[in-house]
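Please look over the model below before reading on.

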Amino acid sequence: MTYYPKNTNADGSLRVVARYKLGFASCTDNDTWSCTGNCGNENTVVPNVVQELSGEWCQREGNMTRQLSSNDPFQLDLDGGDWISNLGSITTWRAVTVVELRNRSDTGRANRSPQTTVVPALRVPSNCRRDFNLLAFDPDGDEVKCRIGNSPSECNTCTLPSVLSISSSCTLSFSPNNTQGAYAVQLVMEDFPRQAITLTATSGTQVSLTTNNAISKLPVQFAVRVDAAVADCTEGLYLPKFLPPTPANGAQLYTPVNQPLEIRISAQANISMISELLFSGPHNTNRITDAGQFVLRWTPSADEDGESHPFCFVVQANIR
């Protein structure tokens, strides 16, 4: 989940748009968030399908708009859904988002959350060490950090298995092992100011934050599927390797409202066979194949003017 404050009025009231993605085994599944604190009036758009990988997962994107009378913070909770069968025997979901909207002394505006997204399941051969640099961008220029969630307040049984580790800079590392199957990954992403700041509420009350205080927090949860070993872990042989003109990880691309953004993606795997492009991004993104390249095409609307929208993509290959 990510959020953007919109239309702050003279009386301190404002509108905030929260966009969230949920991954399920089927596109017919759904779940809802509950709110505590300064919740205001909610208008939620029914989640739309981002992408479906037949027989494995479906990711859907929802758009939640809240009209608030003040800029006090609120919390969104997702409870009760079931994880896929996994090696850690983690059963039920729990995810928590803390939305901070008080006015920042450094930017003069409400806080904007980090921007991130991820496909519902990342795959890795059991014998290959892999580092996944999770997408983490902050529109306010804050430092973005990741950590394991805290049980039971932020997730149910949050502990990562020994084969996985997460750095504060949001790199998830997999260590080779002989066990195949799925692991549940339950992380928290937070933004930290790069200098001491003050948050001011509509009522005039203030809170001081240092560089050690998180401003907001977002849940980042997905599965890592460990597949059979491959003969060579070098990228470009069995494992796909990205080629130009694929944008670099963390690249920032710009497009005007109502003008299509086109992301061209090329990859090679000399021994295995590239089968498809898996992505997470805005639900109205079109995915096509052109001249041997994958293409993602998305057109922002007027209501999305000035916002940042994350895209994450991976290329999947099968052994011939």
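The sections below go from side-chain rings to the backbone of this predicted model.

**Aromatic pairs**

The structure holds four aromatic pairs. Two of them, among the four, are set out here.

| Pair | Geometry | Centre to centre | Angle between planes |
|---|---|---|---|
| Y20 and W33 | edge-to-face | 6.0 Å | 65 degrees |
| F242 and F313 | edge-to-face | 5.6 Å | 90 degrees |

Take Y20 and W33. Y20 sits in strand β2 (residues 14–24), and W33 sits in the loop between β2 and β3 (34–37). They are 13 residues apart, and their pair links distant parts of the chain. Y20 has a relative accessibility of 4%, so it counts as buried. W33 is buried too, with a relative accessible area of 11%.

F242 and F313 span a stretch of 71 residues in sequence. F242 belongs to strand β18 (residues 241–243) and F313 to strand β23 (residues 312–319), so this pair ties those parts together. F313 is buried, because its 17% relative accessibility is under the 20% cut-off.

**A lysine over a ring**

K145 lies over the face of F192. The distance to the ring centre is 4.7 Å.

How many bridges join β4 to β5? Ten do. Strand β4 covers residues 41–53, strand β5 covers residues 57–68, and the two run antiparallel. N43 stands opposite T65 in β5. Three residues lie between the strands of this hairpin. In the hairpin, G55 takes a positive phi near 80 degrees.

**Backbone exceptions**

Most residues other than glycine have a negative phi, and most peptide bonds are trans. The following sites depart from that pattern.

P152 is placed in the loop between β11 (143–148) and β12 (164–166). P245 is in the loop between β18 and β19 (261–268).

That β18–β19 loop also holds N258. N258 is not a glycine, yet its phi is positive, at about 65 degrees. Is N258 buried or exposed? With a relative accessible area of 54%, N258 is exposed.

N7 also has a positive phi, near 50 degrees, and is a residue other than glycine. N7 lies in the loop between β1 (2–6) and β2.

How values were computed: Residues are numbered from 1 along each chain as its sequence is written. This is a predicted model: local features need pLDDT of at least 70, side-chain atom pairs count only at pLDDT 80 or more; totals for chains, interfaces and linings use all residues. Side-chain values use heavy atoms; hydrogens and water are left out. Rings of Phe, Tyr and Trp (its six-membered ring) pair if their centres lie within 6.5 Å; planes under 30 degrees apart count as stacked, over 60 as edge-to-face and the rest as tilted. Helices (H or I, at least four residues) and strands (E, at least two) are DSSP runs, numbered from the N terminus. Buried means under 20% relative accessible area, exposed over 50%, partly exposed in between (1.4 Å probe, protein chains only). A charge sits over a ring if NZ of Lys or CZ of Arg is within 6 Å of the ring centre and within 35 degrees of the ring normal. Two strands pair if DSSP finds at least two bridges between them.
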